[in-house]
Structure formats: C-alpha cells, structure tokens
Amino acid sequence: MEDKVLKLGLPKGSLQEATFKMLKKAGFNVNLSSSRSYFPSIDDSQIQPVLLRAQEMSRYVQDGALDCGITGNDWILENKSRVARVTDLTYAKQSLNKVRWVLAVPQDSGIKKVKDLNGKRVATELVNVTKEYFKKNKVKVEVEFSWGATEVKVSAGLVDAIVELTETGSSLRANKLVEIATLCESTTQFIANIGAYQDSWKKAKMEQIALLLKGAIAAEDKVGLKMNVKKENLKAVIAQLPALKKPTISGLSDDGWFAIETIIDEKVVRVLIPALKQAGAQGIIEYPLNKVIY
C-alpha cells in the first residue's frame with residue numbers, strides 16, 4: 001500500500017524564519033540544504049514540505065496542488081480562495097503577528113479622507129482587496145500593482161496613495177506618509193484544501209500539526225516555575241502566583257514542606273520571583289516551555 005503523505009506549503013520570505021522556529025518548538029525539525037532550495041527536509045516521513053511565497057499559497061491549496069499550508073488571511077482574501085481554515089497561528093511577538101493593510105498618503109498632500117482620492121492613482125500589492133474597498137466606498141481610482149518599494153512611489157510622485165502592509169506604522173512615518181484608512185487586518189492562518197480536509201487521515205494529520213503549533217505559540221510568552229515552601233508560608237506564596245488555572249501543590253518527603261509548580265507570563269518573572277522569595281519560597285527554578293496545550 002502506498003505510504004500516506006501530507007503535502008504542506010510553508011511560506012518563503014518574511015514568515016519563513018518564524019514558521020520554522022514554531023515548527024521546531026512543535027516537534028518538527030525543518031531544514032534547508034541551501035537558501036535557494038524550495039524543498040526543505042523534515043523529520044516526519046508523512047509530511048512533504050514545499051516553500052512558496054505566502055501570496056501564492058492559498059491558490060495552490062485551493063487547487064489541490066498542496067493539501068495544506070501556512071499563509072496570511074490577506075492573501076486568502078486577495079486570491080478569493082475557497083479553503084478550509086484549520087486554525088489561526090497569530091502570535092504577537094514575532095512575524096506571525098497581526099498586521100494591517102492601510103491606505104496612506106503624503107503628509108503634505110492635503111488628502112484627509114478616502115473620498116479625496118476620487119480620480120487618483122493608488123499602488124499596492126493587494127490589488128483585488130483595494131479595488132473592492134474603493135468600490136464599496138463609491139470612489140473611482142486607478143489601482144495599479146506594485147512589485148515592491150511601494151512607499152517610494154508615492155514619495156516620488158508616481159502615484160497619489162498606496163495601500164501597504166504595516167505593523168507599527170514606523171516605515172510609513174519614516175517616508176512622511178500618513179494613514180487615512182485601514183482596509184483589512186490579517187493574521188497567519190493554517191489552511192487546507194477542502195477535499196483534503198474531508199479525508200480522515202489527512203484531516204487527523206493536519207489537526208495534529210495545528211495542535212502542536214498552537215501549543216508552541218502559546219508557550220512563547222510563558223515560563224514554568226518550581227519552588228519549595230514551608231507549610232506556614234504556603235498561603236502567602238500562593239497569593240503571589242498568577243496561574244493558567246491553579247498551581248500544582250504536592251507534599252514533600254520532609255513533613256511540613258510542599259512543592260509548587262505553575263506556569264506564568266514571562267514578563268512578570270522579574271517582579272514575581274523576588275516577591276515569592278520574600279513570601280517564603282525556596283529553591284525557585286524558572287524553566288522555558290516548548291508547548292502549552294489548553
């Protein structure tokens with residue numbers, strides 16, 4: 001019987017490093033023989049990975065060339081792709097975070113609102129979404145595809161406005177551009193071909209990958225804490241602990257001593273550990289987490 005294989009599309013470009021990192025934490029080691037390779041190796045014989053631009057991913061998943069893939073919601077909308085959404089993979093500390101496509105104009109252009117662009121020219125890589133946005137707002141503009149360096153085109157006077165991807169807006173401000181509207185927000189999605197998702201084996205494999213990826217993402221801003229506490233200090237120490245649910249408390253072989261284990265947000269550790277020590281905790285150990293499965 002032929003071995004079962006899941007064809008998985010991985011994004012090449014800005015999402016690549018973050019995706020490889022999350023896959024590693026999820027338990028999958030993905031490696032490239034060279035930076036020019038489009039066929040990574042993975043330590044799972046049931047997965048066949050292929051590197052593609054995120055912009056193209058949803059089309060190949062829809063057509064069935066790929067069983068599933070990782071891409072942005074913006075490109076699903078742009079390609080009008082009919083795909084199954086397995087899970088959202090958004091994570092706010094790196095390139096899997098939420099981003100926005102914004103309409104921006106020069107600060108000194110005098111353009112204050114969308115209607116002011118009637119009869120003007122707009123450059124963007126997100127052409128279809130942009131056309132639909134202006135149509136919805138009943139504003140006639142010429143929308144042209146931009147291959148890159150979009151901010152430069154408006155600064156050089158080649159176009160009147162741009163629709164560009166932004167996270168913080170710093171690049172737009174550096175180019176003396178100001179946002180006047182947000183067209184859409186986008187998150188990183190794990191998507192599947194509809195037919196492939198109806199195959200019981202492929203669906204189970206996809207959901208296994210999705211579960212582990214979500215667990216790896218959830219663990220990124222969390223750490224584990226272990227400590228020992230005397231019985232008389234137990235209440236005071238527990239009062240200091242924020243936790244996902246409740247801390248795990250177990251008795252030690254020495255009478256009157258307890259071990260506590262919990263998971264907390266990494267950002268509070270530097271304040272929490274001194275407070276725990278003051279409350280009576282001893283032998284405090286902080287450790288990193290690979291996955292947190294809710």
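Lys176 sits in the loop between helix 6 (170-174) and strand 11 (177-186); helices (H or I, at least four residues) and strands (E, at least two) are DSSP runs, numbered from the N terminus. Although Lys176 is not a glycine, its phi is positive, about 60°. Is Lys176 buried or exposed? At 59% relative accessibility, Lys176 counts as exposed. Here buried means under 20% relative accessible area, exposed over 50%, and partly exposed in between (1.4 Å probe, protein chains only).

Lys80 also deserves a look. This residue lies in the loop between helix 3 and strand 6 (84-88). Phi of Lys80 is near 50°, a positive value in a residue other than glycine. Lys80 is exposed, with a relative accessible area of 56%.

## How to read this model

This is a predicted model, in which local features need pLDDT of at least 70 and side-chain atom pairs count only at pLDDT 80 or more, while totals for chains, interfaces and linings use all residues. Residues are numbered from 1 along each chain as its sequence is written, and side-chain values use heavy atoms, with hydrogens and water left out.

## The whole protein

The protein contains 10 helices and 16 strands. Its C-alpha trace spans about 80 × 60 × 35 Å along the principal axes. The radius of gyration is 25 Å, whereas a compact globule of 294 residues would have one near 19 Å. That radius is taken over C-alpha atoms, and the globule rule is 2.2 Å times the number of residues to the power 0.38.

Of the 294 residues, 45% count as buried. Look too at the contacts (heavy atoms within 4.5 Å): among those with a separation of 6 or more, 68% join residues 24 or more positions apart.

## Helix 2 and its buried face

Which residues of helix 2 are buried? They are Ala54, Met57, Ser58 and Val61. Seen down the axis of helix 2, these residues fall within an arc of 85°, so they line one face of the helix. The arc is that of the directions from the helix axis to the C-beta atoms. An α-helix has 3.6 residues a turn, so residues three or four places apart point the same way.

The buried residues of helix 2 pack against strand 1, strand 4 (47-53), strand 5 (68-72), helix 3 and strand 12 (188-192). Just after helix 2, Gly64 has a positive phi of about 95°.

In helix 10 (residues 269-279), the buried residues are Val269, Leu272, Leu276 and Ala279. They cover an arc of only 95° around the axis, which puts them on the same side of helix 10. The face turned away from that buried side carries the exposed residues Arg270, Val271, Lys277 and Gln278.

What covers the buried residues of helix 10 includes strand 13 (222-230), helix 9 (234-240), strand 15 (257-265) and strand 16 (282-288). Just after helix 10 comes Gly280, with a positive phi of about 120°.
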